[in-house]
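User: Got a model to go through with you. Can we start with the fold and then move to the pocket?

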Amino acid sequence: MAGEPQDDCLFCKVVSGTIPATIVRETATTVAFRDINPQAPTHVLVIPKAHYQDAAALAAGAPELAADVLRETRVVAEEEKLESYRIVFNTGAGAGQTVWHAHAHVLGGRGLHWPPG
């Protein structure tokens, strides 16, 4: 069920503390932690504590929580002293989503060219 922790979800396990992560920020509704396979000098994931499969499900089911995630990306970027950065939400396998829990990537610390990928 949307919003409920999933036993087989890696990020739900990060939220519960059963899988360790390098946490950089935590609020009542979000957790931000360093990506284990960074694609830039700064690569932090910001996730909602509630489980939603992807960004689209999060936006539809809990728009206020989606706003919390987006707001936290800004705070992470400020604390990481990023002058510019990219926020990425991968939605679906074809877009590169590999963990089925909504999450935003905060990428920075190097030039990020367009188009990505």
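**Sheet, ring pair, pocket**

Analyst: Strands β3 (residues 42-48) and β5 (residues 104-108) pair antiparallel, over five bridges. Keep in mind that this is a predicted model.

User: Which residue stands opposite L107 in β5?

Analyst: H43 does.

User: What is the strand order in the open sheet?

Analyst: The order is β1-β2-β3-β5-β4. The sheet has five strands, and the pairing is antiparallel.

User: Which strands stand at the edges, and why is one side of each left without a neighbour?

Analyst: β1 (23-26) and β4 (85-88). Each has a single partner strand, so one side of each has no neighbour in the sheet.

User: By how much are neighbouring strands turned against each other?

Analyst: By 20° on average, ignoring direction.

User: What packs on the sheet?

Analyst: Helix α3 (residues 63-79). The helix touches β1, β2 (30-34), β3, β4 and β5. Its direction makes about 155° with that of β3.

User: Back to β1. How is it joined to β2?

Analyst: By a hairpin, through three residues. The two strands run antiparallel and share three bridges. R25 stands opposite A32 in β2.

User: Switching topic. How many aromatic pairs are there?

Analyst: The count comes to one. F11 and F33 form that pair, with an edge-to-face arrangement. Their rings are 5.4 Å apart centre to centre, with 80° between the planes.

User: Where do F11 and F33 sit in the chain?

Analyst: F11 is in helix α1 (residues 10-16), and F33 is in strand β2. They are 22 residues apart, so the pair links distant parts of the chain.

User: Is F11 buried or exposed?

Analyst: Buried, because its relative accessibility is 5% and the cut-off for buried is under 20%.

User: And F33, buried or exposed?

Analyst: F33 is buried too, with a relative accessible area of 4%.

User: Now the pocket. What volume does the largest pocket have?

Analyst: About 700 Å³.

User: How many residues line it, and which lie nearest its centre?

Analyst: The lining has 33 residues. D35, Q39, H43, N90 and H105 lie nearest the centre.

User: Which one gives the largest share?

Analyst: α1, with three residues.

Terms used
Residues numbered from 1 in each chain as written. Predicted model: local features only at pLDDT ≥ 70, side-chain atom pairs only at ≥ 80, totals over all residues. Heavy atoms only, no water. Pairing = 2+ DSSP bridges. Helix = DSSP H or I, 4+ residues; strand = E, 2+ residues; numbered from the N terminus. Axes fitted to C-alpha atoms, helices over the stretch in contact; angles between N-to-C directions. Contact = heavy atoms within 4.5 Å. Phe/Tyr/Trp six-rings, centres within 6.5 Å; stacked < 30°, edge-to-face > 60°. Buried < 20%, exposed > 50% of the residue type's maximum accessible area, 1.4 Å probe, protein only. 1 Å grid on protein atoms, 1.4 Å probe; cavity = no way out; pocket = protein on both sides within 12 Å on 5 of 7 lines; lining within 4 Å. Points joined across faces, edges and corners; volume = space filled by probe spheres on them.
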